[in-house]
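Dear colleague,

Please find below the structure that I promised to pass on, together with its sequence. My notes on what turned up in it follow directly after.

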Amino acid sequence: METMTMKTSWLFLNIVLVAAHRQVTYNGDQVLRITASNQKQLNLVKSLEQLEHLKLDFWKEPERSSLPIDLRVPAKHVNRIKRYLKSKDITYSIMIKNLQSLLDKERTSTLISELRSNGTYSFNYRTYHSLKEIYKWIKNLAAENPHLVRRMRIGRSSQGRALHVLKFSTGRRRPAVWIDAGIHGREWIAPAVAIWMAKKITTNYGSDPSITSLLNKMDIFMVILANPDGYVYSQTKNRMWRKTMSKTHGTHCFGADPNRNFNANFGGSGSSRVPCSESYCGPYAHSEPEVKAIVNFIKKHGHFRVFITLHSYYQRLMYPYGYTRKTPENVKELDMLAREATEALISLYGTRYTYGSIIQIINETSGNSIDWSYNQGIKYSYAFELRDEGQYGFVLPRSQIVPTAEETWLAVKIIMEHACNHLP
């Protein structure tokens, strides 16, 4: 029996690895960390965004000279870009020497783990999973915890995939916490962390006084994958895919950045009106069905007190605003809570986080979800950018999934507990 299982496993693995050759590959692609020492150099790096034929991919945008810029460069243009940077005396280092080598390791470990998954107890929380596996796990979690967890469908994606919310509740019509992950397809660590957190909630309810007390007063709504189409495309076609998969009239490019699609200074600075851009905001606010489903659900519910969205990467905890330098009414409380949350996070493994408003930490950004949620009256609105600081970027090794989840959970708990203790 064991021999047959091993043969089946290797046969399945070989079939999928053959299929993987149909994916976009990144052999020889490098990720450069660029440091602009002044505004002039920053503008020179920004000008590279206009060279669409080079197919450059800014993992971290050129926002301000005090922040590093991470740029993925296709293999055939690596030397050209390096020469350009040297000619302008712009400093750079190589963060990832060959992106494809990281992707090959990631894919093999993910495929092997899926052969062993069955139920939420045997589910491998230390690896990345396909959408099919995740949706199966969501169904199982609700089935195993019928008195605590309910699976709800709040809409469908551009390609018709179900958008699921997990509701953790012990009562009716109560103040609530919103947590979403996976709004950008390539940020695999975010849904992996959300999965771990959801299991943690069901495991700890009744034994952990903190989570038990919280769920006796508030509900938690969690979207494991806010952009299932983008996630599937990232897993099966183009690992670096960020956007949704909606069709845009009049262009061969498709998809919009869902975190530029919210009605919070929609289409303003920090987003793009160009459909082929990674930060394309879409034709109009809430044009993406994934965004519209979230907006409609939250507005209809009307009792959310916390809004948390999980992203990667760069180890930041941010609060509003991104589109204006105007500060939120409770900015001192938001900043104090962010400090306490990051201190709790750092206490576990020493992972260093920065915190502050979006515009303070990054730069002006329009159409993002936490600016929108705060403007809806959700006073505790936060965005996490999870590990790491760029060594692996979006291709975070699976060995870091559980440590990332464990430390992030400590910060999320601080925010939820504070909101629970300050209910009106």
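The side chains of Asp-219 and Arg-174 come together in a salt bridge, with 2.7 Å from N to O (a salt bridge being a side-chain nitrogen of Lys or Arg within 4 Å of a carboxyl oxygen of Asp or Glu). Asp-219 belongs to strand β8, whereas Arg-174 sits in the loop between β6 (162-168) and β7 (176-181), so that the pair links distant parts of the chain, 45 residues apart (helices, H or I, at least four residues, and strands, E, at least two, are DSSP runs numbered from the N terminus). Both Asp-219 and Arg-174 are buried, where buried means under 20% relative accessible area, exposed over 50%, and partly exposed in between, with a 1.4 Å probe and protein chains only.

Please keep in mind that this is a predicted model, in which local features need pLDDT of at least 70 and side-chain atom pairs count only at pLDDT 80 or more, while totals for chains, interfaces and linings use all residues. Residues are numbered from 1 along each chain as its sequence is written, and side-chain values use heavy atoms, with hydrogens and water left out.

By the rule above, the count comes to 15 salt bridges. Among them is the one between Arg-72 and Asp-57, whose closest N and O atoms are 3.4 Å apart; Arg-72 is in strand β3 (residues 69-73) and Asp-57 in strand β2 (residues 57-60), 15 residues apart. Both Arg-72 and Asp-57 are buried, and they belong to a network of salt bridges that also takes in Asp-29 and Arg-186.

Another salt bridge joins Lys-379 to Glu-333, with 3.7 Å between the closest N and O atoms. Because Lys-379 lies in the loop between α13 (369-375) and β12 (380-386) and Glu-333 in helix α11 (residues 331-349), the pair ties together parts that are 46 residues apart in sequence. Lys-379 is partly exposed, at a relative accessible area of 37%, whereas Glu-333, at 19%, counts as buried.

As for confidence, the mean pLDDT (the predictor's confidence in each residue, from 0 to 100) is 92 for the protein, and 92% of its residues reach 70 or more. Over residues 1-13, however, the pLDDT is below 50, and this stretch has 4 contacts in the model beyond near neighbours in sequence, a contact meaning heavy atoms within 4.5 Å. Where pLDDT is low, the predicted coordinates should not be read in detail.
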